[in-house]
Amino acid sequence: MSPTRRMWRWRSNPLRRHEDIVEAWIVLAVWVIAVAGSFLAGLVTAQAAELRFAQQRAHRHVVRAVLVTDVPYGAAARWSPDGRARGSVRWTAPDGTSRTGRTLVAGGLKAGARITVWQDDQGRLVPSAPTSRGEGHVEAALFAGAAAFAAAVPVFGAGAVARARLDRRRMARWGREWDLVGPRWGPKAG
């Protein structure tokens, strides 16, 4: 579609109605707000996600632990996506104290097995390893895309509602005008 044809609502035209001008401004406003809002929402979300992942990498640490109880390969391990089940482990916190807690471990391990777990700066177990830098970039980009989409949808929805109302007004106005002009065009009885 040529730029001239796209901009027809802005040109002076004897057939142009007030609703056409309002519609042109609505379309322009919707696109500007949607693009700017989506960009900002995506940018803020990506930066927040990157910051969160960087904090995880800075505050989660790997530690060796000893399995306190047997973890049979049972129903819980079969139904988990990675085959892990909950088991009790003992590890040494950063302050040197011995701690015990429950975390997900591979099924089928016996008590006394040495495993690797993750802890935070206070020595509490965390459920998983921190997101790697590469995975963090991908996840931040996905979050940004979702945020941009979520910001654009209501704007386009509001624009569609406003244009639908304009169309109803335009059709009602055309109906009133047809009621005035239509009888003049009807068959003349003689």
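**Exercise 1. State the strand order of the open sheet and the sense of its pairing.**

Solution. In this predicted model, 5 strands form an open sheet. Their order is S3-S2-S1-S4-S5, and the pairing is antiparallel. The edges are S3 and strand S5 (125-126), since each of these pairs on one side only.

**Exercise 2. Describe the pairing of S2 with strand S1 and with strand S3.**

Solution. Step one: strand S1 (residues 61-67) pairs with strand S2 (residues 84-92) in the antiparallel sense, over 3 bridges. Within this pair, Ala65 stands opposite Trp91 in S2, and Val66 stands opposite Arg90 in S2.

Step two: S2 also pairs with strand S3 (residues 98-106), in the antiparallel sense and over 9 bridges. Here Arg90 stands opposite Thr100 in S3.

Step three: the hairpin of S2 and S3 has 5 residues between the strands. In this hairpin Gly96 takes a positive phi near 95 degrees.

**Exercise 3. Find how helix H2 and helix H4 are oriented to each other, and classify the residues of their contact.**

Solution. Two packed helices are described by the angle between their axes and the distance between the axes. Helix H2 (residues 18-59) packs with helix H4 (residues 133-185) at an angle of about 165 degrees, and their axes are 7 Å apart. Angles over 145 degrees count as roughly antiparallel, so H2 is roughly antiparallel to H4. The crossing of these two helices is right-handed. The residues of the contact of H2 with H4 comprise 22 nonpolar, 8 polar and 11 charged.

Note on methods. Residues numbered from 1 in each chain as written. Predicted model: local features only at pLDDT ≥ 70, side-chain atom pairs only at ≥ 80, totals over all residues. Heavy atoms only, no water. Pairing = 2+ DSSP bridges. Helix = DSSP H or I, 4+ residues; strand = E, 2+ residues; numbered from the N terminus. Axes fitted to C-alpha atoms, helices over the stretch in contact; angles between N-to-C directions. Parallel < 35°, antiparallel > 145°, perpendicular 65-115°, else oblique. Left-handed = near helix turned anticlockwise from the far one by under 90°. Nonpolar A, V, L, I, M, F, W, Y, C, P; charged D, E, K, R; others polar.
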